[in-house]
Amino acid sequence: MHHANHFYGHAHVLARYAGLGDRHPPRINGYVQHGWNIGDGLAPGHPYAERTPSLLWSEQTRRRAWSVGRRNVVVIGAPFIYLLAMRPEEPPAEERVGTIWYPFHGWEGQHVKGDHRKLIALIQETEPGPVTVCLYWHEYRMRSVRRLYERAGFRVICHGYRGHWWKDTDPEFLDKQLTELRRHRRVASNRLTSAIFYGIAAGCEPAVYGDPMILSNEDPTFGGTARIRRQWPELHGAEVDLPTAVEIARAELGIDHRCTPAELRELLGWANLQEEEDHRDD
């Protein structure tokens, strides 16, 4: 299994939906797109074995992959939509309140350059209710960055570690993210990212505003932030039209492409494993 299939507990969510329980996820026959992007669904620089299936989130991504020469591509939707199917929203115990804000982040190989103090001031000026700032694990471990948001009076959290090279993946990453999203009325970030689309799908009102910051050695192949703002202007601003946002998120997350458990097992190479589970149950 490509190690990126484990990121954010994606393989764990898919295994649960496919009926394999909470066991360690079996090897996936292909590369699962691990985050929303504006390219072919695969992260730049990741090793790729020719003729291995790409398991993508949306029809738009499939078309882009086809345009750059990828041929063995299948649209299955984002792992997050499978989690939504397993956790349908129940009447909330409390009313949604405030905003969950996701500052753009770096990772092991690239750091973010930007002014967190200016971003904090803008958040304080813009958001009408209490703010939860969710830092990516990379920035959460930087005490200097984390303390800036804490001293501003924000509730500061982290959903967990993404995982790397098959180690330390938090299998409940997406579960924790969904729980937090459903507590908030708004979801916001300084870049259009997976978290914004997840928030929309989870019932939040979205916003994208502020300095998008710079990722060191950012790959400009697919157009970067300039293209994102040109292609999805409807999703940028402190106030966004919700019906339009819901329609776009539905397409980008591939909600209409969600497979049945049996279809998913077949596509991921798990069909025989389910048969073995059934025989053990007998």
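**Entry 1: a cavity lining.** I began with the second largest cavity and found it lined by Asn 190, Arg 191, Leu 192, Val 208, Pro 212, Thr 225, Ile 228, Arg 229 and His 236. For this I took a cavity as a set of points, on a 1 Å grid over the protein atoms alone, where a 1.4 Å probe fits but cannot get out, with lining residues having an atom within 4 Å of a point.

The model is predicted, so to speak plainly about limits: local features need pLDDT of at least 70, side-chain atom pairs count only at pLDDT 80 or more, and totals for chains, interfaces and linings use all residues. Residues are numbered from 1 along each chain as its sequence is written, and side-chain values use heavy atoms, without hydrogens and water.

I sorted that lining into four nonpolar, three polar and two charged residues (Ala, Val, Leu, Ile, Met, Phe, Trp, Tyr, Cys and Pro count as nonpolar, Asp, Glu, Lys and Arg as charged, the others, Gly among them, as polar). Helix 9 (residues 224-231) gives the largest share, three residues.

**Entry 2: volume.** I noted about 40 Å³ of space in this second largest cavity, the volume being the space filled by probe spheres set on the points. My search of the whole structure gave two cavities of 30 Å³ or more.

**Entry 3: a helix pair.** I then looked at helix 7 (residues 173-181) and helix 8 (residues 194-201), whose axes come within 10 Å and cross at roughly 60°. Leu 174, Gln 177 and Leu 181 of helix 7 meet Ala 195, Tyr 198 and Gly 199 of helix 8, with contact meaning heavy atoms within 4.5 Å.

Technical notes:
Axes fitted to C-alpha atoms, helices over the stretch in contact; angles between N-to-C directions. Helix = DSSP H or I, 4+ residues; strand = E, 2+ residues; numbered from the N terminus. 1 Å grid on protein atoms, 1.4 Å probe; cavity = no way out; pocket = protein on both sides within 12 Å on 5 of 7 lines; lining within 4 Å.
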